[in-house]
Amino acid sequence: MLRKENSRSYQTFLDDHNNESKTQSEGLFEDATEDLEHDDPNGIVSQDTEDEISGSSPSKRFSKACLKNFFTVVLIFIYLLLTAVAAFLAYQTISDFFNKLNHPVMSVTYKEVDTFSPPGIALYPGKARLLSCRHHYHDYIPPLVDPGKPQEGDCVIKEVTYFGPFTNETEKKALVVRGPSDVRNKELIFMQFSQNETEEDFSAITYMLFAKFSDLTDSTNNSKFMRDCERNYSMWTFSGGFRTWVKMSLVKTSGKSNEAVEFRQESAVVKFNDKRPQTEKTNELFFAVFEWRDPYMQEIRLIVTANPWSSVAILCGVFMALFKAANFAKLTVRWIIRMRKRILRNKSRELNQVN
């Protein structure tokens, strides 16, 4: 009796345990089925699940694409800007170089000297007659004694006859006087001319200055030398009845291949108080004084400030910038291609996950 009861209770325990396991299995399957039906009743993965799998929503993908396109446009714009700036710098550098090459800068210096080379003073008296020519010092001219009459002189004078460079048929007669040289002691030359009659409306004596009197004495053809001087130098005049005080200054200009000498002058005119008898006043008197203004010689040098090495250095920098910009553009294009490939690869991965 006892063994039968034990076997019956054990069988009851097994039946109860089997019923509970079956009940739990059926409940678990029903829960999984309900979850699957909740996800997608048709058994297909929804778009939300696909977005969760891919890790990005459509708005995020659109914002990333816009951002990538924006940066691409900005990079291309920067490349074009760098190229334009580099081209402008190259053009500006070349233009500045040729502008400085064609327009040299003047450098002015003053050189102090004790003596100048005696200049040549070419006088064209015409019908006037040279009465006296004397050297004086320290800006002092003694009072006139017997004006209008010939007096002794101590000047070196050379007479030259030649045909003018512009009117070949006109013969000219020039009295070339050796000018002052001792500028420290203020050496000057005082000359006096007299003219009896004139057929011209205005009475004046023309003169010309050239650099060195020794150039004339050393020349083998004095007529040709004076003709060349008249062609290259300017002419001045001083009038009768006045004392014209001419103060000279010398300017040397050094160019690229040649040198030029120019005389600049300042003149002061003083009226002559004629105290001669009335019968002698028919002869008109001319007075001229020639003196150096100061002991400084002005030198003008034409300096070309265009430096080819600096221009080459700037152009090298410009070309280097262009090379860097081209390299930058190449890297940008590579980056765009790489990002495009990555986007296509992500899309294909998403499609594979959906399938």
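Helices here are DSSP runs of H or I with at least four residues, numbered from the N terminus. The model is predicted.

**Stop 1: helix H3**

Select helix H3, residues 58-102, and find Phe 77, which lies in this helix. Phe 77 has a relative accessibility of 54%, so it counts as exposed, the cut-off being over 50%.

Helix H3 is the main contributor to the patch, with 7 residues.

**Stop 2: the largest nonpolar core**

Now select Leu 123, Val 177, Met 191, Phe 193, Phe 238 and Phe 290: within the largest nonpolar core, a set of 25 residues, these have the most contacts. Two or more residues each come from strands E2 (120-124), E6 (188-195), E7 (204-210), E9 (242-254) and E11 (284-292). E11 gives the most, with 4 residues.

Centre on Leu 123. Leaving out residues up to four places away in sequence, Leu 123 touches Lys 173, Ala 174, Leu 175, Val 177, Met 191, Phe 193, Thr 206, Tyr 207 and Phe 238.

**Stop 3: Gln 298**

Finally, select strand E12, residues 296-303, where Gln 298 sits. Is Gln 298 buried or exposed? Its relative accessible area is 12%, which is under 20%, so Gln 298 is buried. Show its neighbours beyond four places in sequence: Gln 298 touches Val 108, Thr 109, Tyr 110, Leu 250, Val 251, Lys 252 and Arg 264.

How values were computed
Residues are numbered from 1 along each chain as its sequence is written. This is a predicted model: local features need pLDDT of at least 70, side-chain atom pairs count only at pLDDT 80 or more; totals for chains, interfaces and linings use all residues. Side-chain values use heavy atoms; hydrogens and water are left out. Buried means under 20% relative accessible area, exposed over 50%, partly exposed in between (1.4 Å probe, protein chains only). Contact means heavy atoms within 4.5 Å. A nonpolar core is a set of buried Ala, Val, Leu, Ile, Met, Phe, Trp, Tyr and Cys residues joined through side-chain atoms within 4.5 Å.
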